[in-house]
Structures are given as structure tokens and as C-alpha cells.
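Subject: Structure for you to look at

Hello,

Here is the structure I said I would pass on. My notes follow below it.

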Amino acid sequence: MSGAKSGTTTGRTARPHEIVERALALSTADGCVVIADEQSSANLRWAGNALTTNGVTRGRTLTVIATVDGAQGTASGVVSRSAVTNDDLEPLVRAAEAAARGAGPAEDARALVAGGPVSGDFTDAPGETTSAVFTDFAPALGEAFARARAGGRELYGFANHELTSTYLGTSTGVRLRHDQPSGTLELNAKSPDRTRSAWAGRATRDFKDVDPGVLDAELARRLGWAERKIDLPAGRYETLLPPSAVADLLIYQLWSSAARDAAEGRTVFSRPGGGTRVGETLSELPLTLRSAPGEPGLECAPFVIAHSSGDDASVFDNGLPLAATDWVRDGKLEHLLTTRHSAELTGLPVAPSIGNLVLDGGGERTLEEMVAATGHDGPGLLLTCLWYIREVDPATLLLTGLTRDGVYLVEKGEVVGEVNNFRFNESPVDLLSRASEAGITEKTLPREWGDWFTRAAMPALRIPDFNMSSVSRGV
């Protein structure tokens with residue numbers, strides 16, 4: 001660091017906490033929140049039973065939130081930029097202040113969270129992931145390649161690991177830090193002629209709990225099922241939704257559960273005549289849908305980190321402590337997403353979003369055991385995953401989407417072949433009311449939403465009459 005004074009850091013080597021402190025010191029606004037996100041990632045990619053690429057990336061994003069008091073209320077301005085150094089700080093702070101002064105009063109304005117406990121590692125260097133995270137995984141993947149090659153199948157996919165260290169500081173004394181590791185493994189197996197395909201995915205914090213050999217064995221079995229092709233018309237079928245599919249549907253349900261929208265009559269959680277459906281029974285099964293910062297294996301930030309305001313988040317809530325929350329308890333709707341502002345508007349408890357989601361149904365059967373109990377009164381279906389999920393009607397939360405990478409016909413407890421893909425039309429809220437069985441809860445990777453939400457644990461669900469609205473060709 002030629003030219004730098006001893007014991008100081010240059011603009012390009014400043015640690016995140018120093019960036020946060022300097023941005024706060026530069027602020028002339030009535031209130032200021034600074035969020036520094038230090039990100040690192042490592043990845044592997046493969047095709048045709050061979051590694052193709054690998055890499056490591058690093059980056060920094062800084063978000064400055066300025067609040068300005070006025071005669072009509074408090075306004076906020078938010079500006080985020082990447083690759084920020086000390087030299088970029090003052091223009092960034094001034095841009096946030098200008099945005100606040102040019103904005104009208106913020107409807108969600110509240111006093112910034114006052115300083116409480118300070119993270120003991122706030123001044124420590126950020127965490128960092130490297131290719132070493134794959135030390136045990138990579139050799140196991142090579143063994144899976146060899147078995148797949150010998151078995152006449154080809155493996156494609158990727159493994160990605162990210163570590164984000166978030167530093168949150170405010171003008172009211174908050175100094176909090178959270179390190180969030182997240183990893184995903186996606187594995188596709190294909191027959192050499194590309195007529196058969198199967199998918200499996202896993203979410204992980206450190207790649208120590210995923211075995212590509214186990215996934216390859218499962219994919220080999222599914223490719224075997226697909227050797228027999230069966231055409232099946234659209235209709236309602238007894239259907240087993242695997243944990244990945246359940247996660248995709250319930251994550252979207254969670255994202256659609258803002259209390260204010262419900263209170264204003266715009267969502268499936270609106271009560272006819274006014275108010276919300278909090279307290280109503282959504283399922284006769286003892287289903288509990290919950291989030292908790294300390295959930296083992298799914299740990300996430302224990303305080304609010306809000307880079308922008310919306311129906312279910314407020315920049316004024318940054319640093320607010322998060323507690324375990326039951327969204328649905330024993331089948332009854334318990335909470336909807338609220339900020340401090342929307343909680344006051346609706347009269348509901350403060351219940352901010354939390355970065356994981358778990359569904360417990362008290363089930364004891366594995367998916368394989370559930371298959372054995374399927375298709376005894378007509379054809380049953382076992383899905384692999386869902387994709388291209390889109391909302392059709394917010395009033396019922398009707399969703400449409402497609403099945404992907406394997407829909408299997410089950411007759412008298414046995415998988416007898418692979419059928420065509422379908423377009424479905426279903427509401428996750430309605431599915432909860434019609435589910436007749438939940439299996440054991442296990443960690444899973446949502447196929448559709450895995451780029452945004454990876455920390456989920458779900459059971460398989462049995463739906464007696466899942467609506468396959470039309471046949472989908474070419475998926």
C-alpha cells in the first residue's frame with residue numbers, strides 16, 4: 001500500500017465497517033441507514049460427465065438510505081451502487097440525500113430503530129468463500145461421473161456457493177452484522193439420445209451434507225421409469241407434490257401475504273366484507289408454516305435488512321429484531337407479513353419477512369412410502385418439479401405453471417412409466433385445504449425460486465384432485 005499512512009486503509013482496501021462509519025459521518029440528513037453487502041461466490045459447472053468451468057467472484061454493494069424531516073412528514077431516498085470505495089462515498093451519500101429531498105413524505109415513515117446490541121464481530125473482516133468449499137464434493141462428483149458414464153447416462157449441472165457479509169449501521173446507533181452462506185446443487189441426468197431427462201436439486205450451507213452419488217442413483221432410477229412413455233390427457237389426478245414443488249408454491253404464497261393488501265381487499269387473504277382472514281382455518285391437516293432466524297440448517301439474518309420499501313418491507317425497520325413466526329399454525333392462519341407501518345394500519349402484530357420457510361405436517365412417511373399408497377383407486381401422478389409459475393388471479397392466488405423433468409404414472413403403488421408434461425392451474429391456499437396427507441419434512445431446493453429463496457424445508461403433499469388443466473408438449 002505505497003503512499004498510505006501506517007495503520008490506515010486506502011479507498012480501495014477499506015473494510016466494510018469503515019465504509020459504513022464514513023458514510024454515516026458524511027451524512028447531513030436527519031437520519032441515515034447504511035448497508036454494506038460483501039459478496040463472494042465459488043462455482044463449478046459440468047456437462048456430459050465432465051467439468052467445464054469453475055470460478056470465484058467477489059463484489060461489494062453499498063446502499064445508503066437518507067431520511068429528511070419536513071412539515072408534511074419524513075421522506076426517504078435510497079441509492080445503491082456496486083464496487084464502492086471510500087472515494088465514491090460522498091457522491092453516493094449526497095445522491096441519497098437529494099433523492100430524499102426530492103421525494104414526498106414516505107407513507108411508511110417511522111422513527112429509525114434505536115441502537116441496541118452491537119454485533120461483536122462488526123469490525124471484523126467479511127467472510128469469504130473459495131473453491132475450497134468443494135474439497136470433498138468435487139471428488140464425489142467425479143465418482144458420480146464415472147458411474148453415470150458406465151450406466152449410459154450423462155450428467156449436467158452446476159454447484160454454486162455464496163457468502164454475503166452484511167454490515168448495517170444507522171445514525172441512531174445500530175451496528176449489526178450477519179454472514180449468510182448459501183449453496184445450491186442442481187443435477188440433470190439425460191439419456192444419450194436426449195429423449196429422457198430427470199432433475200434433482202439440493203440446498204446447502206457448506207456442501208458437506210450433499211452427496212452427488214446419492215442424487216445420481218435417484219436420477220438413474222427415474223430415467224429407468226421414463227423408458228416407458230404413456231400419453232395421459234388433462235384432468236384432475238391424485239398427485240404427489242414433492243418437497244421442491246411444495247416449496248415453490250408456498251414461497252409464492254408467503255410473498256403474496258402482505259397484511260395491508262389483504263386488509264384492503266386485494267388478495268386471497270382478504271375477508272369478504274372487510275378485514276383479513278387471520279384466525280381462519282386453511283387446512284384440516286395439522287399444518288404449520290413457519291419461519292425462524294435460528295432454524296437449524298436454515299439459519300438466516302435475525303434482524304430486518306431492507307434495501308427498499310414495499311408492501312412487505314420498510315427501510316425504516318432496518319435493524320428490527322426478528323423472532324420465530326408461525327404464518328399458519330395447526331391449519332389456522334396466524335400471521336400476515338407486516339412492517340411497523342402496515343401493522344398499525346391493520347391492527348395486526350408486527351411480523352416482518354424472515355429468510356427461511358418451513359412446513360410441518362406431522363407426517364411420518366417418506367415420499368417412497370407415499371408412492372406405495374398411491375394409485376389404488378385410479379391413476380396417480382408423481383411430479384418432479386414445477387417451473388414458469390405465474391399468477392392468474394390475486395383474489396384467489398390462482399397460479400399457473402408447467403411440470404418439468406419427469407411426471408410419473410403410479411398404479412397400485414408402483415411407478416409404471418413417464419407421462420407427458422402438463423400445465424396446471426391451482427391456488428396454494430386451496431391446495432392446503434384439499435391436501436389429504438403430508439409426508440416427513442426435509443430440506444429442499446425450490447426449482448423455480450431457487451435464485452431468490454433457498455432456505456426451505458417441506459414435506460411432500462398428497463392432493464387427491466390436482467388440476468392438470470392442459471397437456472404441455474415439448475417441455
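R222 and E218 sit 4 residues apart in helix α4 (residues 212–225), so about one helical turn separates them. In this predicted model, the two side chains form a salt bridge whose closest N and O atoms are 2.7 Å apart. R222 is buried, at 9% relative accessibility, while E218 is partly exposed at 25%.

R434 has a relative accessible area of 18% and counts as buried, because the cut-off for buried is under 20%. D430 is partly exposed, with 36% relative accessibility.

R110 forms a salt bridge with E344, and the closest N and O atoms lie 2.6 Å apart. R110 is in the loop between α2 (89–101) and α3 (137–150), whereas E344 belongs to helix α7 (residues 340–346), so this pair ties together parts that are 234 residues apart in sequence. R110 is partly exposed at 24% relative accessibility. E344 is exposed, its relative accessible area being 55%.

There is also a network of salt bridges, which links E107, R260, D261, E264 and R266. The structure holds 42 salt bridges in total, so please treat the ones above as a selection from that list.

On helix packing, I looked at α1 and α2. The axes of helix α1 (residues 16–26) and α2 come within 9 Å of each other and cross at roughly 50°. The two helices are therefore oblique to each other, and the crossing of α1 and α2 is right-handed. On the α1 side, the residues in contact are I19, R22, A23 and L26; on the α2 side they are L89, E90, V93, R94 and E97. Sorted by type, the residues of this contact comprise 5 nonpolar and 4 charged, with no polar ones.

Last, the backbone. Which residues other than glycine have a positive phi of about 65°? Two to check are N49 and R194. N49 is not a glycine, yet has a positive phi of about 65°. N49 is placed in the loop between β1 (31–47) and β2 (50–70), and counts as buried at 5% relative accessibility. R194 likewise has a positive phi, near 65°. R194 is found in the loop between β5 (175–190) and β6 (197–204), where R194 is partly exposed at 46% relative accessibility. Why list them at all? Because most residues other than glycine have a negative phi.

To recap the pairs, for use when you open the file:

- R222 with E218: 2.7 Å between the closest N and O atoms; both in helix α4.
- R110 with E344: 2.6 Å between the closest N and O atoms; a loop residue and a residue of helix α7.

Regards

Terms used: Residues numbered from 1 in each chain as written. Predicted model: local features only at pLDDT ≥ 70, side-chain atom pairs only at ≥ 80, totals over all residues. Heavy atoms only, no water. Salt bridge = Lys/Arg side-chain N within 4 Å of Asp/Glu carboxyl O. Buried < 20%, exposed > 50% of the residue type's maximum accessible area, 1.4 Å probe, protein only. Axes fitted to C-alpha atoms, helices over the stretch in contact; angles between N-to-C directions. Parallel < 35°, antiparallel > 145°, perpendicular 65-115°, else oblique. Left-handed = near helix turned anticlockwise from the far one by under 90°. Contact = heavy atoms within 4.5 Å. Nonpolar A, V, L, I, M, F, W, Y, C, P; charged D, E, K, R; others polar.
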